[in-house]
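Subject: Structure handover

Hello,

Please find the structure below. My notes come after it.

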Amino acid sequence: MTINRVWACYFSPTGNSRKIGLKIAGEVSTILNSEFSNIDFTRPENRSEIAHFSEDDLVIMVLPTYAGRIPNKILPWVQEGFKAEGAMAVAVATYGNRSVDSALGEIKQVMTENGFKVIAGAAIVSEHAFSSQLAGGRPDADDMAALENFAKDIVSVIDREEPVDLGEREEVAPYYVPKKVDGTPAKFLKAKPVTDATLCTKCGVCSKACPMGSIDGEEPAVVEGICIKCQGCIHACPAGAKSFDDPDFLSHRQMLIENFTRRAENQFYI
Ligand SMILES: Cc1cc2nc3c(=O)[nH]c(=O)nc-3n(C[C@H](O)[C@H](O)[C@H](O)COP(=O)(O)O)c2cc1C
């Protein structure tokens, strides 16, 4: 099997899935001496053109885990935007130290439905968008070294007949229900970021960072439309003017910090 081009495809509001996708795809293309391209579908304007892949393409599809699954507002585009006739793919889910749950299995499932043969998979720990106390600084040097080994392993299975077996991660379970510190469900679906008017310079960076295009470019305090809680605006704001003050959101974040600060493990499937 000759691979002419390796693709890093990712949705990445806070940058970890991007970093991991570029690393894996870059390493694989170096080993194979093939071309390298990327498709970043974080921004809404980059979710309009359907990409078609042929047998000499290898797609590394990287998505963050949100509530144990593919981010639900992005799922339709993952289903629509990537089509293959026999092209191969690697499924990668990033997750912020709690659990990858069903996100990896769901990526494999959707890519298979899109016509790809999924030859490998990985769940990679990366800093939680909600708090740097959860997997802070990851992927770190050890993770990046592990990704280099994973790239070598991907190359070793490029001629495989059967898709990769994800074991118990094959199952796609319902979305994880976030909990508050007291163990009851945290209800913050309608929460939106608030803007500190004394800090905001109206530079518009947050508006450009929003994957849903929901933040007004001229009046960044105005958030119309959907907020998926990705924290992209908060991470992007150079003035530190954005935050969440929703009590259920804050309680959920605190629950995560109280229960999920151990060093979680990457999981590789070959
Ligand atoms: C709305 C939301 C839900 C999340 N749900 C989970 C989860 O269920 N399990 C987990 O371990 N991490 C979870 N995370 C953490 C992300 O998977 C992690 O921060 C990921 O690295 C973000 O990817 P990005 O940097 O490419 O945006 C969640 C993050 C967000 C923003």
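The notes cover the domains, the ligand shell, the cores and some backbone details.

This is a predicted model, in which local features need pLDDT of at least 70, side-chain atom pairs count only at pLDDT 80 or more, and totals for chains, interfaces and linings use all residues. Residues are numbered from 1 along each chain as its sequence is written.

Domains. The chain is assigned domain 1 (5-175 + 262-269) and domain 2 (194-245); such bounds come from an automatic or database domain assignment. Their C-alpha centres lie 27 Å apart. Across the boundary, 9 residues of domain 1 are in contact with 9 residues of domain 2 (contact: C-beta atoms, placed from the backbone, within 7 Å). The side of domain 1 that touches domain 2 has 5 nonpolar, 2 polar and 2 charged residues. Here Ala, Val, Leu, Ile, Met, Phe, Trp, Tyr, Cys and Pro count as nonpolar, Asp, Glu, Lys and Arg as charged, and the others, Gly among them, as polar.

Ligand. The ligand is surrounded by 24 residues, of which Ser12, Asn16, Ser17, Pro64 and Gly96 are the closest (a residue is near if its C-beta atom, placed from the backbone, lies within 6 Å). By class, 8 of the shell residues are nonpolar, 14 polar and 2 charged. Helix 1 and strand 6 each supply at least two shell residues (helices are DSSP runs of H or I, at least four residues, and strands of E, at least two, numbered from the N terminus).

Cores. A nonpolar core is a set of buried Ala, Val, Leu, Ile, Met, Phe, Trp, Tyr and Cys residues joined through C-beta atoms within 7 Å. Buried means 20 or more other C-beta atoms within 10 Å of the residue's own, exposed 12 or fewer, and partly exposed in between, with C-beta atoms placed from the backbone. The largest core has 60 residues, and Val59, Ile60, Met61 and Val92 have the most contacts inside it. Elements giving two or more residues to this core include strand 4 (57-64), strand 6 (88-95) and helix 4 (141-156). Apart from it lies another core of 10 residues, among them Val223 and Cys227.

Backbone. The peptide bond from arginine 138 to proline 139 is cis, with omega near 5°; proline 139 lies in the loop between strand 7 and helix 4. Aspartate 101 has a positive phi, near 45°, and is buried, with 22 other C-beta atoms within 10 Å. Lysine 202 also has a positive phi, near 60°, but is partly exposed, with 17 such atoms within 10 Å.

Regards

Notes:
Contact = placed C-beta atoms within 7 Å.
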